[in-house]
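Please consult the sequence and the structure below while reading.

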Amino acid sequence: MRLELRAITKRFGSLVANDQISITVEPGQIHSLLGENGAGKSTLMNVLFGLLHPDDGEILIDGVPTTFENSGEAVRRGIGMVHQHFMLVPVFTVAENVVLGFEPTKSFNRVDYQKATDDIRRVSKEFNLEVDPDAIIESLPVGIQQRVEILKALSHDAQLLILDEPTAVLTPQEIDALMEIMRSLAAAGKSILFITHKLKEVKAIADVITIIRQGKVVGTAEPSASESELASMMVGRDVVLTVQKEPFSPGEDVFEIRDLVVRDDRGLAAVNGVSLDVRAGEILALAGVQGNGQTELVEAIAGMRPVESGTITLNGHDITNASPRKVLDAGLGHIPEDRQRNGLVMSMTVADNLVLNTPRRAPFAKRGTRNLAAVNANAVRLINEFDIRTESPQELVSSLSGGNQQKVIVARELSRDLKFLVASQPTRGLDVGSIEYVHRQMVNHRNLGNAALVVSSELDEVFALADRIAVMYAGKISGVVDPSVSRESIGLLMAGTITETAHD
Amino acid sequence: MTEATPAPAPARTRHAALVWMTSQSPIVVTVLALVLGFFVGALIIITTTPAVLDAWRGLFHSWGAPGDALKVTFDNVGAAYRSMFTGSVFDPAQLWHSMTTGKGFDASLTPISETLTYATPLIIISTGVGIAFQTGLFNIGANGQAVLGGIAGGVAGSMLHMPMILHLPVTLIAGIAGGMVCGVIPGVLKAFTGAHEVIVTIMLNYVIYAFLLFAVLSTAFQQPGQSNDISRTMAPSAQLPPLFGAASGLRVSYGIFVALAVVLFAWWFLDRSSIGFDFRVTGANPSAAKASGISSRTVIVLVFLISGGLAGLAGIVQAASTTHYIDGGFLIGNAGIGFTAITIALLGRNRPMGILLSSLLFAALGVGGRTMQAATGIPLDLATVIQSIVVLFVATPVLVKEIFHLRAAKTEVLQLATQGWGS
């Protein structure tokens, strides 16, 4: 399918989300749409998939102008979308999920499972997408689940596949497998629109790269372009991709975990016997595919989830099963994974959010009455120091961009008297410029002799920050390695195929 | 995002300004909701008043001038709303009369005095409900808490004997304590067992109603020589006296100052105190509150103590300033003051000043409605209809904007923000 978008414009109120965007995807082409979060990629895809209606512009399929009233129409016209968050029913089989909504039927309207299974076998053979039609979805690894999503789109005879940030949840090996699939689909003549903000992947797979910034196409690039070229087009200025670090000179152990067991919401041992040490002047990065117990581990450290057994020691104090208040007072700084849920109160001002976990500390309050002048002065100081882009301290934090919201949290935590910083996915969803900034702040904090644990599923981030790397798989530490090791061996640790206990 | 927001084009300025006002300022939506409430009220008057209907029907028979029918319509609707105003605020003619003759000031102050009398307990109880709402908790049991406060205060006021300087504070504190006792039960149950506060408070209301009947029929508390469900009369030293003395006939009492003090306290508490900050954080984002070291258990128990305490205070202020006794129907009429408080708190957007104003509005509609009923024969229920419609529209700002042809631009952007825009 040859898809052409001509001058697509979409406004929300006075905000122009897509401004005259024109893109052409040729049959058999992998076209990569690169842009920061908030650049307008998702809006454009929602327009293309019939979920939003453009205010202006045309969609042409094989040269014929087309409008989609809804996504069902887009599917019928051969457009398939693989969402970032899968739309699968976990307790159904692969076959049931694939035919869901378009079930083949026998007499008396019974679902023809045999035909469904056969169809899937045929399609998966045709495109080399190996998957067992009778497997239950929730028993499959994330990478295979994604394959089912792709299969589902193909079974509706999609000629153009939209992949929205497909690699966010995958291990390096799974990413390689996905790229293999993408190549074979392109070879079979399917068009692919690949949305991402990850530069390495774009360079590895794309035939053509279109870069979007602030709702506009700012240019196209060849995959041969350098990463820093692509990054500066994306951000609109030059970007430093590596962080300057002082030489590593670790001090004493500040933070210790011994044989920790923590249960998740379903009562399963999500953290199953983890031991870790972090020393002063060190950043320990905890790598791993999401959902291997990192979230529960961090929540247990922050006092937000009960510890089943084992101990957590911070600066000589036992903080196992202590309340969040005690843990904060013991000197823990916490940049939570879900910043809008656990880190900020969106309906409050920037100034209030900057004292969210110290509202009673002098000078912010005296005898139960808040000192709003001091709260405001603190905000003015931190806004300057941490370069938070806001019109005033009294602006609601919800009106800030994602990067600036994260800066509010970083500023709040780093301005407290910390012994130890835990940062969970600290740059998820941030643009390149903000990532650079947050990384620099954390390295500065480490250079001052402080300890930090950074939990990240982004290998780039792990390598940028770590003095040592611990890899977590299935609730256990599958290895602690030096950052000089290769991506591949970390990838194997992340996938749990090897375990290594190379303590230094 | 700020740089992506261009100045509105000149042709669209007025429209953009309207959109801005409605999306930014809740006050505008509230005022528009009021306008709508009175508009719907007018429609009801038109369709239910025989004189108006006859005038319109006459058009079909005699080809009379539509102007006449319009005039009848305006006369009737105007008379209804005029009597509502003169009955609840002041009557200009009466006021002019008393100013020129120097007599009858009491009569010209009666409407506003009545409105303030009705508003007094509403302000206090709604403030408590509003504080709970701001913390994300639904106190549906304010009515029971107010009743128990009334009983506790009534007992202290009628069965203790001491000088007023002690007796009145003791009575009020007993009322607060009664409300707190009733409020702390759902608070503790929620904090320590997770029991849902809505269910517990609703059920407690029934328990308290039954207890009320038991109390006013018990030998100790029942008015001596009475077999009805009526309590002993509170001692004069425990009563909140009328502001202008008993001789004036104006019922507004010193209770209005208690109400104003409560509003002032609530403003300080929510906007300035550290605990109030914890409350607001908990209400706006419980997860972030937990992560910031705020103990949700403490907050939940405290909220119910404060909310219940204020409800209890409302109950005893009502008893100490108007009836001076408690009977089996105490605070239960008109669906119950505790339920009116929920709508008032919603209308006032849970803010102390907003609650003060909406309590006055509700009281004025109720008091004025009575005058309207007497003067025009339009039933008092019209006032309730207007109250309900106003709250309904306040609760659905999108609908109000649609009716006034304002695009809900902000809402659309907000919805899309959840899909990945705006960062």
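In strand E8 of chain A, the bridge partner of A:Asp164 is A:Ile195. This is a predicted model, in which local features need pLDDT of at least 70 and side-chain atom pairs count only at pLDDT 80 or more, while totals for chains, interfaces and linings use all residues. Residues are numbered from 1 along each chain as its sequence is written, and chains are lettered from A and ligands numbered from 1 in the order in which they are written.

**Parallel strands in chain A**

Helices (H or I, at least four residues) and strands (E, at least two) are DSSP runs, numbered from the N terminus. Two strands pair if DSSP finds at least two bridges between them. E7(A) and strand E8 (residues 191–196) of chain A pair in the parallel sense through 5 bridges. Strand E6 (residues 79–82) of chain A is also paired with E7(A) in the parallel sense, over 4 bridges. In that pairing, A:Ile79 has A:Leu160 of E7(A) as its bridge partner.

Is strand E7 (residues 160–164) of chain A mostly covered or mostly uncovered? A residue is buried if 20 or more other C-beta atoms lie within 10 Å of its own, exposed if 12 or fewer, and partly exposed in between, with C-beta atoms placed from the backbone. Strand E7 of chain A is mostly covered, as 5 of its 5 residues are buried. In a regular strand the side chains alternate between the two faces of the sheet. Both faces of E7(A) are covered: A:Leu160, A:Ile162 and A:Asp164 are buried on one side, and A:Leu161 and A:Leu163 are buried on the other.

**Two antiparallel sheets in chain A**

An open sheet of 4 strands in chain A has the order E2-E1-E4-E5, with antiparallel pairing. Its edge strands, each pairing on one side only, are strand E2 (15–25) and strand E5 (64–66) of chain A. From one strand to the next, the twist averages 30°. Strand E1 (residues 3–12) of chain A is joined to E2(A) by 7 bridges, and the two run antiparallel. Within E2(A), A:Val16 stands opposite A:Arg11.

Strand E14 (residues 307–314) of chain A pairs with E15(A) in the antiparallel sense over 2 bridges, and A:Leu314 has A:His317 of E15(A) as its bridge partner.

**Helices of chain B**

Chain B has 18 helices and 0 strands. Of its 423 residues, 48% count as buried. Two residues are in contact if their C-beta atoms, placed from the backbone, lie within 7 Å. Among the contacts in chain B with a separation of 6 or more, 74% are between residues 24 or more positions apart.

Two packed helices are described by the angle between their axes and the distance between the axes. Axes are lines fitted to C-alpha atoms, for helices over the stretch in contact, and angles run from 0 to 180 degrees between N-to-C directions.

| Helix pair | Angle | Axis distance |
|---|---|---|
| H7 (142–159) and H9 (197–217) of chain B | roughly 25° | within 8 Å |
| H6 (105–134) and H10 (255–272) of chain B | about 20° | 8 Å |

Angles under 35 degrees count as roughly parallel, over 145 as roughly antiparallel, 65 to 115 as roughly perpendicular and the rest as oblique. The angle for the second pair therefore makes H6(B) roughly parallel to H10(B). A crossing is left-handed if the near helix is turned anticlockwise from the far one by less than a right angle, and right-handed if clockwise. H6(B) passes H10(B) in a left-handed crossing. Residues of H6(B) including B:Leu116, B:Ile123 and B:Ile131 meet residues of H10(B) including B:Ile256, B:Val262 and B:Leu270.

Ala, Val, Leu, Ile, Met, Phe, Trp, Tyr, Cys and Pro count as nonpolar, Asp, Glu, Lys and Arg as charged, and the others, Gly among them, as polar. By these classes, the contact of H6(B) with H10(B) has 11 nonpolar, 4 polar and no charged residues.
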